[in-house]
Amino acid sequence: MSAPKLLVFASPSGGGKTSIIKALLERHPEFQFSVSATTRAMRPGETDGSDYCYLTRERFEELISAGDLVEHEQLYGNYYGTLKSETDRALNAGASMVFDIDVRGGLAIKAMYGARAVLMFIAPPSIEVLEERLRGRGTEDEATVRRRMERTAMEMEMGKQFDFTVVNDDLAKAIDDVDALIMKQLSQ
Ligand code: ADP
Ligand code: 5GP
């Protein structure tokens, strides 16, 4: 095995990255998950400290000022950011770390960590299917679904700069494809 990598997943909202990452972490307990900070409200089923660190805007802005975030973005009216303590944790432990972040955040990680970062873009089979899945998840109100869909074209375009694209049509196949790609990267 080569040096550990920063395994970065991005997709339009509803693209399936959370589902794929969850399966990947079950298959590879040796991978760590980078718990991002956010100011968005916790969804049912989410856990503070495992899915995200849920912060007030004030606290998030303190972290920005203190330089405690590797990167951050404002998305859909909330802050999201990668904690420096999380990337340090992985690099110090010699473990590969999985990131669930937006396309811009992914490119920022690549600019910082170069070949140590592997960028994987999870693409939906079509925009129509994406919208169906996002609505089907039932976690966002109508206005938020629309806001999320508005970013899709930009995200699909920026995703072209990623190292790999996996189309999430059949979920089980997408998980196998991602797993195979990562194993190849880690063996080089
Ligand atoms: P993201 O984290 O990219 O926003 P999710 O993993 O939450 O996306 O997936 C969005 C919704 O689509 C979820 O309800 C999930 O169960 C469902 N989903 C994910 N992949 C597939 C797939 N290949 N086929 C059908 N439904 C899927
Ligand atoms: P959600 O609210 O659906 O959990 O996430 C919304 C978007 O924020 C997703 O594209 C997700 O990948 C992204 N995101 C989550 N954490 C981070 C982060 O630390 N940095 C950036 N740039 N985006 C993030």
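Predicted model: local features only at pLDDT ≥ 70, side-chain atom pairs only at ≥ 80, totals over all residues.
Residues are numbered from 1 along each chain as its sequence is written, chains are lettered from A and ligands numbered from 1 in the order in which they are written, and side-chain values use heavy atoms, with hydrogens and water left out.

Trainee: In what order do the strands of the open sheet of 5 strands stand?
Mentor: Strands (E, at least two residues) and helices (H or I, at least four) are DSSP runs, numbered from the N terminus. Two strands pair if DSSP finds at least two bridges between them. In this open sheet the pairing is parallel, and the order is S2-S7-S1-S8-S9.

Trainee: Which are the edge strands of that sheet?
Mentor: An edge strand here pairs on one side only. The two that do so are strand S2 (32-33) and strand S9 (164-167).

Trainee: Which residue in S7 is the bridge partner of glutamine 32?
Mentor: S2 and strand S7 (residues 97-100) pair in the parallel sense over 2 bridges. Phenylalanine 33 stands opposite valine 98 in S7. For glutamine 32, the bridge partner is methionine 97.

Trainee: Which residue in S7 does valine 8 stand opposite?
Mentor: S1 and S7 pair in the parallel sense over 4 bridges. Both faces of S7 are covered, with Met97 and Phe99 buried on one side and Val98 and Asp100 buried on the other; buried means under 20% relative accessible area, exposed over 50%, and partly exposed in between (1.4 Å probe, protein chains only). Opposite valine 8 stands phenylalanine 99.

Trainee: At about what angle does helix H8 run to S9?
Mentor: Axes are lines fitted to C-alpha atoms, for helices over the stretch in contact (heavy atoms within 4.5 Å). Angles run from 0 to 180 degrees between N-to-C directions. Helix H8 (residues 171-187) lies across S1, strand S8 (117-123) and S9, and its angle to S9 is about 160°.

Trainee: Which strands stand at the edges of the open sheet of 4 strands?
Mentor: This sheet has mixed pairing and the order S4-S3-S6-S5. Each edge strand has a single partner strand, so one side of each is left without a neighbour in the sheet. These are strand S4 (52-54) and strand S5 (69-75).

Trainee: Which residue in S6 does threonine 38 stand opposite?
Mentor: Strand S3 (residues 36-38) and strand S6 (residues 78-83) pair in the antiparallel sense over 2 bridges. The residue opposite threonine 38 is tyrosine 80.

Trainee: How far from lysine 5 is the nearest side chain of opposite charge?
Mentor: Lys and Arg count as positive and Asp and Glu as negative, while His and the chain ends are not counted. A salt bridge is a side-chain nitrogen of Lys or Arg within 4 Å of a carboxyl oxygen of Asp or Glu. Lysine 5 is found in the segment before strand S1 (6-10). Lysine 5 is buried yet has no salt bridge, and aspartate 163, the nearest side chain of opposite charge, is at 9.3 Å.

Trainee: What separates the closest N and O atoms of glutamate 142 and arginine 135?
Mentor: Glutamate 142 is partly exposed because its relative accessibility is 37%. Arginine 135 is also partly exposed, at 35%. Their salt bridge brings the closest N and O atoms to 2.5 Å.
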